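This briefing covers the sheets, the domain arrangement and the salt bridges of the protein shown below. Please read it alongside the sequence and the model.

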Amino acid sequence: MRWSNWSGSVECEPARIEAPGDEAAVAQRVREAASSGDEVRVVGTGHSGTPLCETSGTLLSLDRLAGVESHDTGAGLATIGAGTKLCDLGDPLLERGLAMANLGDIDKQALAGAVGTGTHGTGRTLANISSSVTAVRLVDAAGDVRELDDPDDLRALRVCMGALGVFTALTLRLVPAYRLHERIRRLPIEDCLDRLDDEIRDNRHFEFFWLPFKDSAEMKTLNLTDEPVSELADRPYERIGWSPHIIASQRDDKFFEMEYALPAEAGPACFREVRLRMRERHPDVVWPVEYRTVAPDDAWLSPAGGRDTVTLSIHQDGSLPYRAFFEDVEQVLLAHGGRPHWGKIHSLGADRLCRMYPDWDRFLATRERMDPQGRFLNPHLRLLFGI
Ligand SMILES: Cc1cc2nc3c(=O)[nH]c(=O)nc-3n(C[C@H](O)[C@H](O)[C@H](O)COP(=O)(O)OP(=O)(O)OC[C@H]3O[C@@H](n4cnc5c(N)ncnc54)[C@H](O)[C@@H]3O)c2cc1C
């Protein structure tokens, strides 16, 4: 039984792929794996470019544990099935007067998958999706269902790549439903860089894509509005809508991606060096570089943990070689203090990662306590954690 991720960069042959129908069935699968010494990995929608879900053991999909379990609009909280696709969550939340504070570039991921790698969108004051998790229900390595909301547990659990258990439901802190006004503009890249600080400060969401073949920037801003939903037909690059209908994009072409989270102050200089390197050494690459901002959070393994962050994402076409290009640009991103996105291609292992995260050892101790047999570890996670 073959499995491959979204881009096709990871393929494996799990002994079994299962989609349990309820939490008890998830627990049963984990207990069976524990008694047979089988490795267990969980997959969301397989949008990660790294081998996080690769396994020769049991691959579990939580697709059937989906939907809003309960909510409290006044408190801004909802408990949501871990397998819920983000694109299937927006409307049910809107019906309850609620919304997620932000989304990433797409909304095809499963909630637990997006949480597990620290998936983020853009916006100086907006932290990654995992930062909104206030409680976790999971099946642990012994096959027991546990509910965890202790702050230190959450700092380990929020970004843990499925290494601490199988999430079955997540409670999220949400915000009242809101509408956004989107504007897209194209400028010469130097003009974009000249106004970068202002754009980041003055907009709820700001990002730009540098288009190497034109050396221009496509800038996108999103801001809160009370105006009604509208396509703004007289203004082709603007529209207004409810947040879940506006934030995410549709990405149909397959691509490979590497992304590093940098200290915000290093962002502009790092981008300039990446741009120079690409123009000098990789002039054939036409895929854009994406520049975004993320607010800090306190998850121990969050790439945006503890610092205002700029993320730079490098792309290559899904049908072209990417490794040499990524490895070359990766040196620039590392030199500027970058931390790799867990779900996007990078070349790092524990020896370098351990120096990037002040609470690295606390995370490893928690992992050892929660899964002493390494039931949820695959070769890639062993490499990341140095186990
Ligand atoms: C086109 C595209 C656009 C993207 N845009 C962005 C973006 O804007 N911002 C960004 O930060 N990232 C982005 N990413 C990366 C993507 O958001 C992450 O890789 C995300 O983790 C993928 O979610 P998924 O549901 O596919 O999870 P998977 O890739 O299937 O899994 C990710 C991790 O979550 C774990 N996991 C999944 N379900 C569970 C569960 N129930 N319990 C415990 N662990 C679980 C898995 O074991 C794995 O470690 C993008 C990727 C693509 C391909």
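Helix 1 (residues 23-36) lies across strand 9 (133-139), strand 10 and strand 11, where contact means heavy atoms within 4.5 Å. The helix runs at about 55° to strand 9; axes are lines fitted to C-alpha atoms, for helices over the stretch in contact, and angles run from 0 to 180 degrees between N-to-C directions. Helices (H or I, at least four residues) and strands (E, at least two) are DSSP runs, numbered from the N terminus.

The model is predicted: local features need pLDDT of at least 70, side-chain atom pairs count only at pLDDT 80 or more, and totals for chains, interfaces and linings use all residues. Residues are numbered from 1 along each chain as its sequence is written, and side-chain values use heavy atoms, with hydrogens and water left out.

- An open sheet with antiparallel pairing is formed by 5 strands in the order 6-7-11-9-10; two strands pair if DSSP finds at least two bridges between them.
- Strand 6 (68-72) and strand 10 (145-148) are the edge strands, each pairing on one side only.
- From one strand to the next, the twist of this sheet averages 15°.
- Strand 7 (residues 77-81) and strand 11 (residues 166-173) run antiparallel and are joined by 5 bridges.
- Opposite Ile-80 stands Leu-170 in strand 11.

- Between strand 3 and strand 5 (residues 58-61), the parallel pairing extends over 3 bridges.
- Ile-17 has Leu-59 in strand 5 as its bridge partner.

- Contacts link 8 residues of domain 1 with 11 residues of domain 3.
- About 660 Å² is buried between domain 1 and domain 3, with 63% given by carbon and sulfur atoms; buried area is the accessible area (1.4 Å probe) that two parts lose on being put together, summed over both.
- On the domain 1 side, Trp-6, Ser-7 and Thr-50 lose the most area to domain 3, together 69% of what that side buries.
- Between domain 1 and domain 3 there are 3 residue pairs in polar contact, both residues at pLDDT 80 or more; a polar contact is a pair of N or O atoms within 3.5 Å, and within protein one must be able to donate a hydrogen and the other to accept it, while residues adjacent in sequence count only if both atoms are side-chain atoms.
- The count of salt bridges between domain 1 and domain 3 is 0.

**Salt bridges**

- The structure holds 36 salt bridges (a side-chain nitrogen of Lys or Arg within 4 Å of a carboxyl oxygen of Asp or Glu).
- One of them joins Glu-69 to Arg-137, with the closest N and O atoms 3.0 Å apart.
- Because Glu-69 lies in strand 6 and Arg-137 in strand 9, this pair ties together parts that are 68 residues apart in sequence.
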